[in-house]
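Dear colleague,

Please find below the structure that I am handing over to you, together with its sequence. My findings follow directly after it.

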Amino acid sequence: PPPNLPPELAWSEYLVRANGKAQTTLDNERMFWDQFWAQTKKRNVYALSIEDALAFRDWLVSTPTKHGRDRSAHTVNDALRNMAVILNYVRQKHDISNPFSGKVVSRVSTPRRRPRYLTKGECNKLLGDAEEIGRDIHLVIALGIYAGLRKSEMLSLRWDDIHFGRESDTGEVVGCMYVWSSETFSTKTERSQRVIPLHTELKRLLEHYRPLHGNSSSFIIKPSIKSQGNKRYRWEFRRLLGVASKEIGYSVWS
């Protein structure tokens with residue numbers, strides 16, 4: 001018979017190895033871990049099989065949540081990935097298989113949706129709502145609309161990355177923004193490093209919020225917030241963005 005490794009003991013060993021993960025991440029992983037063992041009825045990690053992983057995937061797809069909603073493909077795949085991550089950690093100590101590996105159990109296909117773009121009126125409405133909420137979310141919206149920055153790029157942008165006086169080929173002073181890797185920040189890919197001409201309206205907003213005095217190397221968004229332990233971002237602005245975008249009828253942040 002295979003050695004015995006109860007799920008609760010495996011989870012305890014995983015927590016030791018996963019030291020440093022955010023609590024919200026661990027909470028999600030624990031939720032899926034408990035759901036799986038409740039469904040499979042087995043009590044030994046060594047006894048896991050591909051059939052168990054497939055059955056769990058099918059259960060996630062076909063069974064509504066406790067609120068009566070169908071799970072999205074994203075949620076199902078998130079559960080499968082979390083199970084694979086946990087078992088990979090457990091494998092560092094135990095000679096077990098990982099049936100949740102993406103090479104073994106395929107993920108649920110996610111249909112690609114056609115992008116929906118904001119109209120000029122929606123952009124203006126969103127910017128106006130954000131300005132009423134506050135400086136930082138106003139700048140976040142502007143940097144997204146006029147420069148197309150990712151969240152990590154916005155939160156890593158410093159005032160010395162902005163050159164207000166750069167001239168265009170025609171001699172017009174347009175200014176530019178450098179999105180570049182540094183000692184404390186890396187762009188998603190090397191090709192993501194780029195120089196972006198400042199849109200006229202973005203330049204106006206940045207000049208409006210630009211500090212008259214102070215450290216030019218400080219962050220543009222939330223300069224007073226320091227990196228906190230294992231959190232991925234210095235500031236989480238999903239809630240404020242949701243408030244700002246509610247009036248135009250749909251979320252602008254995924």
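Arg 150 is partly exposed, since its relative accessibility is 35%. Please note that the model is a predicted one. The partner of Arg 150 in a salt bridge is Glu 153, with 3.1 Å between the closest N and O atoms. Glu 153, by contrast, is buried, at a relative accessible area of 2%; this value falls under the 20% cut-off for a buried residue.

The structure contains twelve salt bridges, and I describe some others here.

One of them joins the side chains of Lys 42 and Asp 52, at 2.8 Å from N to O. This pair connects distant parts of the chain, ten residues apart: Lys 42 lies in the loop between helix H2 (23-40) and helix H3 (50-62), while Asp 52 belongs to helix H3. Lys 42 is partly exposed at 29% relative accessibility, whereas Asp 52 is buried, with a relative accessible area of 12%.

A further salt bridge is formed by the side chains of Lys 222 and Asp 136, with an N to O distance of 3.7 Å. Lys 222 has a relative accessible area of 24% and is partly exposed; Asp 136, at 13%, is buried.

Finally, a network of salt bridges links Glu 8, Arg 30 and Asp 34.

With kind regards

Terms used
Residues are numbered from 1 along each chain as its sequence is written. This is a predicted model: local features need pLDDT of at least 70, side-chain atom pairs count only at pLDDT 80 or more; totals for chains, interfaces and linings use all residues. Side-chain values use heavy atoms; hydrogens and water are left out. A salt bridge is a side-chain nitrogen of Lys or Arg within 4 Å of a carboxyl oxygen of Asp or Glu. Helices (H or I, at least four residues) and strands (E, at least two) are DSSP runs, numbered from the N terminus. Buried means under 20% relative accessible area, exposed over 50%, partly exposed in between (1.4 Å probe, protein chains only).
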